[in-house]
Amino acid sequence: MARRDTGRIPASDAFFLHVETPWAPQHVGGLIMLDTSGQDGPPTRGQLRAKIVAALPGLPGFRRRLAPPTRWRPLRWTAHTGIDWAWHVPEFDLRRPDGRPGGMPALHRLVAELAGQPLPRDRPLWRLCVVTGIEEHVAAVISLVHHSVADGIGTINLMLSMFDSPDLTSAMGDVARPGRLRQVLGGAVGLAQLAFDRRPQGRLTVSGTAKRTFGTLTLDLHEVRELARRRGVRVTDLLLAGTAGALRRLGLTVHTGPIASSDTLVEGADRARLAVGGALAVDMESAQFAEVPGPLAVVRAIVDTPDRPLWRPGTVLRGIAGLRSLHAAAPVLREWCEATGEGEVLLASPRSFCAGVDRAIEIVERALQRYGAPVYVRRQIVHNAHVVRRLEGLGAVFVQEIEDVPPGATTVLAAHGVAPSVRQAAAAKDLRVIDATCPLVTKVHNEVRRYSARGDTVFLIGHADHEEVEGTVGEAPGQVVVVEDAAAAAHVQPRDPGKVAYAMQTTLAVDEAEEIATVLRERFPAMQAPRRDDICYATTNRQRAVRAVAGEADLVLVVGSANSSNSKRLVEVARRQGAPAHLVDDVSEVDLRWLAGARRIGITAGASAPPHLVEELTRCLSGLGRTCVRDSQVADEDIRFTLPREVG
């Protein structure tokens with residue numbers, strides 16, 4: 001708030017004047033973006049000057065400057081009547097020499113240049129700058145007000161009042177001033193902060209120094225609110241979840257929930273009452289910002305708890321620890337600024353569950369309904385941690401081997417298939433076995449049995465450590481040779497070159513598998529091949545879809561678990577198209593640094609990833625500015641597989 005009209009400078013204001021250096025200005029900066037499409041034109045310096053002149057009677061800090069220091073009066077305000085309007089209210093036109101708008105980068109450079117310079121002390125310590133030529137129908141006003149004249153809330157209030165916006169502080173009421181003890185404690189914490197803060201090593205330049213940067217984000221608030229309404233969440237929820245995840249990756253302990261505000265310190269019964277109401281913490285500032293239009297999230301470091309009250313000597317040490325945590329959190333907030341920006345999401349289609357995965361999950365669900373819990377499942381029913389956790393919640397018990405299943409229990413074999421030895425072990429324990437093997441994997445098993453029965457050496461193109469390959473090799477262990485890449489295909493030696501055949505793991509990358517098969521066919525012209533490619537239709541469709549998206553995207557995110565072969569192949573396919581691509585189990589694994597500068601973000605999901613994970617990721621990216629969502633469909637899938645008779 002504007003300070004009282006007195007010549008004496010309070011110690012709290014003098015503090016900011018004392019610590020100011022040419023490299024660390026102590027003014028509050030603000031930026032208001034103006035949509036001028038409905039006006040006659042952008043604002044002018046004259047219009048803003050008229051508003052300030054009208055407001056000056058209520059702004060004593062804007063009509064005075066620092067008096068020349070003397071031996072006995074080093075810091076004191078004095079009246080200043082001759083305001084240099086050309087300096088205090090300048091006008092900047094960012095248009096390029098050819099007349100085109102300068103764009104947001106030009107505005108960033110101007111803000112950085114102005115904010116990096118201390119306000120001279122021979123005149124009132126404020127500037128309000130009119131900026132035009134940013135973009136068509138876009139103007140801005142930059143405010144610079146020294147902290148000894150007005151604090152952050154006061155500056156925001158001033159800026160909004162200039163444009164006929166409601167007073168942010170009207171609902172605050174009377175604020176109780178802190179007592180002497182609290183002032184002393186606050187001073188101690190402030191001094192501790194100075195001890196741990198690092199001053200910038202240079203001015204706030206175009207790209208920012210190592211410690212100080214500036215950025216802006218433009219979102220159509222109506223669109224974001226509509227998105228949140230359709231998804232059934234608050235706009236703030238979209239940003240809060242990602243922020244918490246990023247902070248936790250820094251090793252910080254993070255709690256999320258509502259914050260309450262109070263005009264006075266809350267203790268005892270009042271604290272308990274707010275806790276019962278769901279408040280995670282209570283502060284004395286956040287409510288002041290709650291009226292600001294748009295999403296709001298608060299990051300607080302808590303130094304007092306019910307068992308560690310504020311008025312204890314340990315508060316100072318906890319305050320220092322809290323400041324360290326805030327310093328550690330600062331890079332995350334910077335990453336969020338860099339991750340935001342207008343753009344679009346490109347959804348690859350088909351994506352997510354395929355018919356085989358749908359069938360396997362339904363088999364476990366029906367088995368639980370028909371036979372009751374527990375139902376034992378050998379290995380993961382499909383390679384996705386979210387699916388496994390959900391089924392565990394319903395009563396499924398996942399085991400590594402048949403030996404871990406109690407005799408006579410109901411047991412489901414996973415979608416990736418098993419070797420005959422596993423079925424024999426299940427029969428020996430008298431288990432009720434329900435086979436959830438994908439029919440397309442069963443097809444490969446049948447091929448291997450047919451080839452091996454003729455005495456052929458079977459080259460199995462795939463990854464030796466994958467469960468599907470382990471099960472397929474088990475059909476004829478002495479006759480199946482796993483070939484993992486083209487280099488291995490160039491050197492593999494069968495017992496009889498005239499009696500060879502090949503089969504494929506169903507979840508391979510199509511182009512990689514074909515490269516290996518080509519090498520084998522060239523070496524062994526008589527080699528037998530499957531009547532149809534073994535790679536499943538779903539894998540092929542998803543790879544075609546991600547290839548189409550990767551050609552347009554600045555970044556591709558593939559939703560799927562780390563042990564999902566088909567999901568990892570999608571990442572490889574996207575990268576071969578030249579797009580940066582990453583595999584994420586869910587939205588919490590998205591690294592904000594990947595999003596910096598990525599205007600078009602492609603999203604797909606492996607055949608074992610639930611569709612709702614894609615929806616969550618899309619929703620969060622929309623909250624970061626990628627509000628346009630476009631579906632890129634390369635194929636329709638309407639295949640359904642029948643269920644085993646045990647659950648049919």
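Is Gly314 buried, partly exposed or exposed? Gly314 is partly exposed, because its relative accessible area is 26%, a value that falls between the limits of 20% for buried and 50% for exposed. The model in which this value was computed is a predicted one.

## Gly314 and its place

Gly314 belongs to helix H11, which covers residues 314-339. Asp304 is ten residues away from Gly314 along the chain, and 9.4 Å separates the C-alpha atoms of the two.

## The chain as a whole

The chain has 648 residues, and 46% of them are buried. Its secondary structure consists of 22 helices and 20 strands.

Among contacts between residues at least 6 apart, 74% join residues that are at least 24 apart.

## Two nonpolar cores

The largest nonpolar core holds 40 residues. Those that touch the most other members are Ile52, Leu107, Trp126, Val131, Ile134 and Ile142. Several elements each supply at least two residues of this core, including helix H1 (11-19), strand S1 (27-35), helix H2 (45-55) and helix H4 (103-115). Strand S5 (126-135) and strand S6 (138-146) are also among these elements. With seven residues, S6 gives the most to this core. Leaving aside residues up to four places away in sequence, Leu107 touches Leu31, Met33, Leu94, Val131, Ile134, Ala140 and Ile142.

Another core lies apart from the largest one and has 30 residues. Among them are Val357, Ala367, Val441 and Ala607.

## Cavities

Rolling a probe the size of a water molecule over the atoms shows where empty space is left. In this structure, a search of the whole model finds two cavities of 30 Å³ or more.

The largest cavity contains about 280 Å³ of space. It is lined by 23 residues, and the closest to its centre are Cys354, Val357, His416, Thr507 and Asn566. Val357 is also a member of the core of 30 residues.

## Around helix H12

Most residues other than glycine have a negative phi, and most peptide bonds are trans. Some exceptions are found in the loops on either side of H12. The loop between strand S9 (344-349) and H12 contains Pro350, which is joined to Ser349 by a cis peptide bond with omega of about 10°. The loop between H12 and strand S10 (375-378) contains Pro374. A cis peptide bond joins Pro374 to Ala373, and its omega is about 0°.

Ser352 is also in the loop between S9 and H12. Ser352 is not a glycine, yet its phi is positive, at about 65°. Is Ser352 buried or exposed? Ser352 is buried, because its relative accessible area is 3%, and the limit for buried is under 20%.

## Asp430, a contrast in exposure

Asp430 is another residue that has a positive phi without being a glycine, with a value of about 55°. Asp430 lies in the loop between helix H14 (420-428) and strand S13 (432-435). Asp430 counts as exposed because its relative accessible area is 61%, and exposed means over 50%. Ser352, by comparison, is buried.

Thr457 is part of strand S14, residues 457-461. Its relative accessibility is 5%, so Thr457 counts as buried. Which residues does Thr457 touch, not counting residues up to four places away in sequence? They are Gln479, Val481, Pro494, Arg495, Lys499, Val500 and Ala501.

Ala67 is in the loop between strand S2 (64-66) and strand S3 (77-79). Not counting residues up to four places away in sequence, Ala67 touches Arg76 and Thr78. Ala67 and Thr78 are eleven residues apart in sequence, and their C-alpha atoms are 5.3 Å apart in space.

How values were computed:
Residues are numbered from 1 along each chain as its sequence is written. This is a predicted model: local features need pLDDT of at least 70, side-chain atom pairs count only at pLDDT 80 or more; totals for chains, interfaces and linings use all residues. Side-chain values use heavy atoms; hydrogens and water are left out. On a 1 Å grid over the protein atoms alone, a cavity is a set of points where a 1.4 Å probe fits but cannot get out, and a pocket is an open set with protein on both sides within 12 Å along at least five of seven lines; lining residues have an atom within 4 Å of a point. Grid points are joined across faces, edges and corners, and a volume is the space filled by probe spheres set on the points. Helices (H or I, at least four residues) and strands (E, at least two) are DSSP runs, numbered from the N terminus. Buried means under 20% relative accessible area, exposed over 50%, partly exposed in between (1.4 Å probe, protein chains only). Contact means heavy atoms within 4.5 Å. A nonpolar core is a set of buried Ala, Val, Leu, Ile, Met, Phe, Trp, Tyr and Cys residues joined through side-chain atoms within 4.5 Å.
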